[in-house]
Amino acid sequence: MSSPTGPAPGLPVRMPRPRQSGRHRRPEPVAAPEGAPALVLAVPGTPAPTTRGLAEEVISIARSELPGLEVGIGYLDGDDAEYPTLETVLARTAARRTERYEIAKAAGREVAEPEGPAAVVVPLLAGPDNALMRRIRQAVMDSRAAAELADVLGPHPLLAEAVHVRLSEAGLARADRARLFTVATAADGIILATVGGEEAVQAAGITGMLLAARLAVPVMAAAIDQEGSIAAIAEQLRASGSAQLALAPYLVGPELPEGLLDAAAKEAGCAAAEALGAYPAIGKLVLSQYTTTLGIAPQGQGAQPR
């Protein structure tokens with residue numbers, strides 16, 4: 001039993017751990033600066049419960065990396081009922097910031113009038129897609145909110161890691177090349193599928209080079225939304241000696257029209273991995289684009305290489 005002056009004799013006393021010093025000291029946890037703009041995720045594609053679950057998980061990962069961050073999810077093709085549109089989310093975010101300022105001022109607090117963006121919009125896109133980005137820019141303009149638009153998530157080494165994991169989950173690649181265990185179904189040629197035309201193919205090709213280095217097999221990018229592109233790349237890989245191909249989506253998922261991945265796999269005559277989905281790296285890259293747009297860099301985050 002404890003006494004008023006401390007723990008009973010013989011019981012261990014829990015002492016605070018001394019702060020580690022030197023260059024191996026753990027970094028102090030970083031929180032979002034007070035008054036920081038909200039991070040609003042712009043989600044393309046037809047909204048659905050699975051899409052919402054994916055977006056919420058991505059946002060949750062981003063918030064875990066920067067506690068205190070205000071977040072929102074806006075759907076490019078939302079209905080403003082179950083799935084709020086990007087315009088509506090941005091307008092509400094800006095209105096909340098103004099309301100907080102007015103309440104604080106009415107309460108007699110000395111607060112600065114809000115300035116700068118109320119939100120940073122991060123597209124949930126692995127690579128560039130001019131048509132979708134035009135629609136996102138238009139939605140930002142239509143919202144009449146002060147908002148900055150971040151870049152897409154790739155190319156980035158973390159996306160190569162994510163594609164590798166999805167291939168290994170499908171049994172189409174070794175999970176770890178260093179372990180040298182046999183995967184009978186491992187592909188010896190990878191088609192990296194993207195959407196968005198030639199610019200998207202070129203951007204995916206950068207991540208493809210990183211993926212090829214990880215897997216030690218040839219990787220070529222193709223536009224899944226361009227007729228004949230997948231078949232042409234499959235033929236090119238087979239002509240260069242690849243006998244067992246695999247289709248790897250360089251796509252988060254919502255931007256991929258339903259049925260298109262299955263059709264592309266049939267066209268190439270090979271198995272396909274799943275889209276990237278809510279792989280942890282996606283949430284981290286969403287936050288990285290947010291902080292890069294604002295010119296801030298929390299511990300462990302930074303601008304992505306181009």
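Modeller: Let's start with R96, which forms a salt bridge with E70, their closest N and O atoms being 3.2 Å apart. R96 sits in helix α2 and E70 in the loop between α1 and β2, so the pair ties together parts that are 26 residues apart in sequence. A salt bridge here is a side-chain nitrogen of Lys or Arg within 4 Å of a carboxyl oxygen of Asp or Glu. Helices (H or I, at least four residues) and strands (E, at least two) are DSSP runs, numbered from the N terminus.

Bear in mind that this is a predicted model, where local features need pLDDT of at least 70 and side-chain atom pairs count only at pLDDT 80 or more, while totals for chains, interfaces and linings use all residues. Residues are numbered from 1 along each chain as its sequence is written, and side-chain values use heavy atoms, with hydrogens and water left out.

Back to our pair: R96 is partly exposed at 34% relative accessible area, and E70 is partly exposed too, at 22%. Buried means under 20% relative accessible area and exposed over 50%, with partly exposed in between (1.4 Å probe, protein chains only).

By this rule there are five salt bridges. One of them joins the side chains of R52 and E82 (3.3 Å, N to O). R52 lies in helix α1 (residues 49-65) and E82 in the loop between β2 (71-75) and α2, so parts 30 residues apart in sequence are tied together. Then there's E169 with R166, at 3.0 Å between the closest N and O atoms. Both lie in helix α4 (residues 157-169), three residues apart, about one turn of the helix. E169 is exposed at 55%, but R166 is buried at 14%.

In α3, L132, M133, I136, A139, V140 and S143 are buried. Seen down the axis of α3, these residues fall within an arc of 120° (taken from the directions from the helix axis to the C-beta atoms), so they line one face of the helix. They pack against β1 (38-43), α2 (86-106), β3 (119-123) and β4 (147-149). On the other side of α3, R134 and M141 are exposed. Take I136: its relative accessible area is 2%. Leaving aside neighbours within four places in sequence, I136 is in contact (heavy atoms within 4.5 Å) with A42, L76, L86, V121, P123 and L149.
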